[in-house]
Amino acid sequence: MSELVTGEAVALELRPAKLPSRGLAVLLDLAAAVTVYVLVTLGLVAATASLDEAARTAVSIATFVLVLVGGPILVETLTHGRSLGKLACGLRVVRDDGGPIRFRHALVRGLLGVIEILMTFGVVACVASLVSARGRRLGDVFAGTLVVRERIPAAGQGAFVPPPPPWLAGRFSGLDLSAVPDGLWLAVRQYLTRMRQLDPQVGWSMAERLASDVAGRTGAPVPPGVPPAMYLAAVLLERQTREARRTFGGGGVPAAPAPTGAGGPVLPPPGVPPAPVPQAVPPAGPASGSEAAGGGGSAERPATGFAPPA
């Protein structure tokens, strides 16, 4: 389920890049790669003038492979999907679930890009992008990636993923998340970013359906009393924490920040009343004569807002 459409016709998916913007990004990347290739070739011609013809041919082939094939792969790996052309056009390569790509994704895209773009002058890539519903070329299909637009008009709070409440953080650290497909993670993430734009009944039914799918994949049911949206936020945070540990090593991962005014307050756990907010206590003034004579015990004390625990 890589795409969900609500009763309000709200599609929960990434924003794929169009063919013209992708073509312009490819042209910019090719121009940069060819410029580097020409400069490196001129330097190698001067450096290998004393070698025989076979050695110069081998050096030329190696230079072509390293610069025009290995260069784009290295750049996309180090920049997590943002090459020079994509950065200029506001594009980025991501996984199907919206996460950053890794070396294997860039390797598959780069190797197939030699056939799709270099050898066929981009004809195969254009045909594949036009046929695909999400504008993906063959390299994206085999690598499991998607080119999306990063610079898009602001849409309110659509990009904010609300964190789970503190009492749920770390509760699902023992779940096995390996069986959850990328399409389901994408649906969960997109639902959490758009749930405040949905009708309450529609959003609740979608949360129940997604929570049921995630629980069926992990083999652990939703804990009783936990709302489905909170369950999805907690499981998604656990997955992001594990990915951060795999990416940056076994060091500690900072906890999710508390939501700001853009995301709204975190709801308290079910059945637990919200903490009372203490009211401001006016400063005590000088005691009057009657209070000094009769003692301060009989006078009413200002309310503090403190509520004893039930």
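Predicted model: local features only at pLDDT ≥ 70, side-chain atom pairs only at ≥ 80, totals over all residues.
**The whole chain**

- Starting at the N terminus, the elements go β-β-α-α-α-β-α-α-α-β-α-α-α-α.
- The chain has 310 residues, and 34% of them count as buried.
- Take the contacts between residues at least 6 apart in sequence: 72% of these join residues at least 24 apart.

**Helices α1 and α2**

- Helix α1 covers residues 19-47 and helix α2 covers residues 53-78; their axes come within 10 Å and cross at roughly 150 degrees.
- Angles over 145 degrees count as roughly antiparallel, and α1 and α2 are therefore roughly antiparallel to each other.
- The way α1 passes α2 is a right-handed crossing.
- On the α1 side, the contact is made by A33, V34, V36, Y37, V40, T41 and L44, while α2 brings V59, S60, T63, F64, V67 and L68.
- Sort the residues of this contact by class and you get 10 nonpolar, 3 polar and no charged ones.
- Buried residues in α1 include R22, A25, D29 and A33. A33 also turns up among the residues that touch α2.
- Here's a handy bit of background for reading such lists: an α-helix has 3.6 residues a turn, so residues three or four places apart point the same way.

- Helix α7 takes in residues 182-194, which is 13 residues, and reaches 18 Å from its first C-alpha to its last, close to the 18 Å expected at 1.5 Å a residue.
- Is α7 largely enclosed or largely open? Of its 13 residues, 12 are buried, so α7 is largely enclosed by the rest of the structure.
- Among those buried residues are W185, R189, Q190 and R194.
- Helix α8 spans residues 200-218, and its axis comes within 11 Å of the α7 axis, with the two crossing at roughly 150 degrees.
- That angle makes α7 roughly antiparallel to α8.
- The crossing of α7 and α8 is left-handed, whereas the one between α1 and α2 is right-handed.
- From α7, the residues L184, A187, V188 and Y191 meet G203, M206, A207, L210, D213, V214 and R217 of α8.
- By class, this contact of α7 with α8 divides into 8 nonpolar, 1 polar and 2 charged residues.

**L138 and E116**

- L138 lies in helix α6, which runs over residues 138-143, and E116 belongs to helix α4, residues 103-119.
- Which residues does L138 touch, leaving aside its neighbours within four places in sequence? L138 is in contact with L112, E116, V124 and A128.
- L112 and L138 are 26 residues apart along the chain, yet their C-alpha atoms are separated by 7.1 Å.
- L138 has 37% relative accessibility, so it counts as partly exposed.
- E116, at 1% relative accessibility, counts as buried.
- Setting aside neighbours within four places in sequence, E116 is in contact with G122, V123, V124, A125, A128, R137, L138 and G139.

Technical notes:
Residues numbered from 1 in each chain as written. Heavy atoms only, no water. Axes fitted to C-alpha atoms, helices over the stretch in contact; angles between N-to-C directions. Helix = DSSP H or I, 4+ residues; strand = E, 2+ residues; numbered from the N terminus. Parallel < 35°, antiparallel > 145°, perpendicular 65-115°, else oblique. Left-handed = near helix turned anticlockwise from the far one by under 90°. Contact = heavy atoms within 4.5 Å. Nonpolar A, V, L, I, M, F, W, Y, C, P; charged D, E, K, R; others polar. Buried < 20%, exposed > 50% of the residue type's maximum accessible area, 1.4 Å probe, protein only. Expected span 1.5 Å × (residues − 1).
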